[in-house]
Amino acid sequence: MKRQPKNAAPAAPPAPLAAADTRSMLLTEAQVADLIQVGTRTLRRIVSTGRFPQPVKIGPNPESQQCPRRWVRAEVDAWLRQLMEARG
């Protein structure tokens, strides 16, 4: 790790993400379940019936059952908006 001289100004913090960047964040199964306030088993069930956005499989073997799955935050938000609009 590189040391800064004692009289050097501290490094600037990283720039915050723009709104568009945060909309494309990937969420874990637990994060999605918390966001829509259901259990992970319920989330898996509604995904399997096609009533919820499909996850993105990340890893070297996307066909594997053990492959990590993530949901695109913007797709989950759009699903929630549709749900609220349908409610009236």
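Student: At 35% relative accessibility, how does V56 count?

Tutor: V56 counts as partly exposed at 35% relative accessibility; buried means under 20% relative accessible area, exposed over 50%, and partly exposed in between, with a 1.4 Å probe and protein chains only. V56 has its place in strand 2, residues 56–57 (strands are DSSP E runs of at least two residues, helices H or I runs of at least four, numbered from the N terminus). This is a predicted model, in which local features need pLDDT of at least 70, side-chain atom pairs count only at pLDDT 80 or more, and totals for chains, interfaces and linings use all residues. Residues are numbered from 1 along each chain as its sequence is written, and side-chain values use heavy atoms, leaving out hydrogens and water.

Student: Which residues of helix 2 are buried?

Tutor: They are E29, V32, A33 and I36. Helix 2 covers residues 29–36, with E29 among them. Seen down the helix axis, the buried residues of helix 2 fall within an arc of 100°, so they line one face (the arc is that of the directions from the axis to the C-beta atoms).

Student: What do the buried residues of helix 2 pack against?

Tutor: They pack against strand 1 (26–27), helix 3 (40–48), strand 3 (69–72) and helix 4 (73–87); contact means heavy atoms within 4.5 Å.

Student: Which residues does E29 contact, leaving aside its neighbours within four places in sequence?

Tutor: E29, buried with a relative accessible area of 19%, is in contact with T40, L43, R44, R69 and W71, those neighbours aside.
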